[in-house]
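I opened the notebook to record what I looked up in one structure. The entries follow the order in which I checked things.

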Amino acid sequence: MIDNQALEKAMRRALALAATPGVPLGPNPRVGCVLLAPDGSEIAEGFHRGAGTPHAEAAALAEAGDAAQGATAVVTLEPCNHTGRTGPCAQALIEAGVERVVFAQPDPNPLAAGGAQTLKAAGVQVEMGLLEREARALNRTWTFAMEHGRPFVTWKFATTLDGRSAAADGTSRWVSSVAARRDTHRLRGECDVMLVGTNTVAVDDPQLTVRDELDVPLQHQPLRAVMGLRDLDPAKRVFDAAAETVQLRTQDPVAALDDLHRRGRQHVFLEGGPTLAAAFLEAGLVDEIVTYVAPMLLGAGKNAVGDLGITTIADALHLQITDVATVGTGPDANVRITLRRA
Ligand SMILES: NC(=O)c1ccc[n+]([C@@H]2O[C@H](COP(=O)([O-])OP(=O)(O)OC[C@H]3O[C@@H](n4cnc5c(N)ncnc54)[C@H](OP(=O)(O)O)[C@@H]3O)[C@@H](O)[C@H]2O)c1
């Protein structure tokens with residue numbers, strides 16, 4: 001019997017495989033798998049490289065060949081039970097003669113769940129929950145989208161020290177520093193939608209693409225989404241050929257997220273402006289906030305967030321800081337604060 005220490009080591013390896021840099025983000029979760037022989041030695045390993053490619057278990061089984069007979073499979077996610085673009089992994093593990101499956105996270109996808117039951121019914125020994133927290137963190141927005149039936153929403157905004165997002169005359173370039181904008185491109189690259197209100201497009205004409213050099217080359221530009229009812233000038237940069245763009249002709253955040261969820265999107269990077277951000281906050285649909293605070297004062301100007309309907313301190317929206325970092329140095333320094341709802 002393989003001891004717990006060896007299983008944990010294999011699971012850590014499986015998690016590292018799943019997190020291989022450059023694995024395309026897409027509708028699928030990141031998954032890693034390690035196959036162990038009965039004496040605890042590693043036989044094979046695999047990870048999922050993106051939609052349409054073999055699942056982690058299938059990749060490891062292919063590498064193992066006949067050696068999979070009697071093996072223990074250590075997987076970061078419950079083996080799937082459904083036939084998508086590839087066959088069900090639970091069945092593949094059974095057919096390969098795997099005797100024991102240890103997985104970290106139960107599959108929250110209602111379409112794919114049930115793998116553990118299938119394995120047990122075929123006499124495979126199944127254990128779950130080893131390093132589950134780490135596995136959930138690896139696919140945090142995918143897990144969220146599966147569990148809540150909508151994308152995870154990160155609201156990002158740049159603000160002066162006195163809470164202004166633009167000057168009194170409407171000019172806002174630039175509140176954030178060069179380093180903060182580069183950092184924003186990195187965060188944009190981790191999302192699959194960038195969302196703004198129609199007025200930000202009308203006033204700022206942003207291109208809304210991931211441009212700056214990233215550590216890992218970007219596989220796909222996120223979808224650009226513009227929310228609001230008015231018609232926009234088709235010559236705006238957001239409608240150029242650099243990425244796909246959709247206009248969500250609604251003012252209802254629930255309807256907008258529902259539309260994006262139906263398009264298979266899991267992580268919305270809400271980039272404003274203040275009116276749209278307020279609508280999402282009021283609807284309770286902001287899951288994370290990333291703000292860049294510039295060492296700059298305007299005194300007057302546009303508030304970083306629109307009216308939330310709060311008139312007394314007892315009703316303030318409380319947030320919890322999860323991270324504080326300085327981005328850039330010297331005059332280029334901004335403070336990045338990451339928060340979630342208290
Ligand atoms: N500092 C920053 O991080 C940052 C980021 C973005 C923008 N900005 C600045 O913000 C300014 C634009 O701000 P903004 O607040 O006017 O722009 P916005 O939030 O981008 O757009 C507001 C428009 O969105 C539409 N909309 C969609 N859903 C809505 C809802 N639930 N409630 C209300 N309106 C909804 C409405 O237009 P329809 O009539 O089309 O429905 C509304 O007029 C610019 O000066 C820009 O520079 C700053």
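Which strands and helices each supply at least two residues of the shell around the ligand? I found strand E6 (152-160), strand E7 (164-166), strand E8 (193-197), helix H8 (198-204) and H10. Helices (H or I, at least four residues) and strands (E, at least two) are DSSP runs, numbered from the N terminus.

Before going on, I noted that this is a predicted model, in which local features need pLDDT of at least 70, side-chain atom pairs count only at pLDDT 80 or more, and totals for chains, interfaces and linings use all residues. Residues are numbered from 1 along each chain as its sequence is written.

**Entry: the ligand shell**

I looked up which element gives the most to the shell, and it is H8, with 5 residues. The ligand has 28 residues around it, and Gly-197, Gly-228, Gly-272, Gly-273 and Thr-275 come nearest. A residue counts as near a molecule or strand if its C-beta atom, placed from the backbone, lies within 6 Å of it. I then sorted the shell by class and got 11 nonpolar, 13 polar and 4 charged residues. Here Ala, Val, Leu, Ile, Met, Phe, Trp, Tyr, Cys and Pro count as nonpolar, Asp, Glu, Lys and Arg as charged, and the others, Gly among them, as polar.

Gly-272 and Gly-273 are joined by a cis peptide bond, with omega about 0 degrees. Gly-273 sits in the loop between strand E11 (267-270) and H10. H10 covers residues 274-282, and its buried residues are Pro-274, Leu-276, Ala-277, Ala-279, Phe-280 and Leu-281. Buried means 20 or more other C-beta atoms within 10 Å of the residue's own, exposed means 12 or fewer, and partly exposed is in between; C-beta atoms are placed from the backbone. After H10 comes Gly-284, with a positive phi near 70 degrees.

**Entry: another cis bond**

I also found a cis peptide bond from Arg-173 to Trp-174, with omega near -5 degrees. Trp-174 is in the loop between E7 and helix H7 (178-188).

Most residues other than glycine have a negative phi, and most peptide bonds are trans. Leu-131 has a positive phi, near 55 degrees, and lies in the loop between strand E5 (125-128) and helix H5 (132-138). Is Leu-131 buried or exposed? I count Leu-131 as buried because it has 21 C-beta neighbours inside 10 Å. Asp-205 also has a positive phi, about 50 degrees, and its place is the loop between H8 and strand E9 (223-227). Asp-205 counts as partly exposed because it has 14 C-beta neighbours inside 10 Å.
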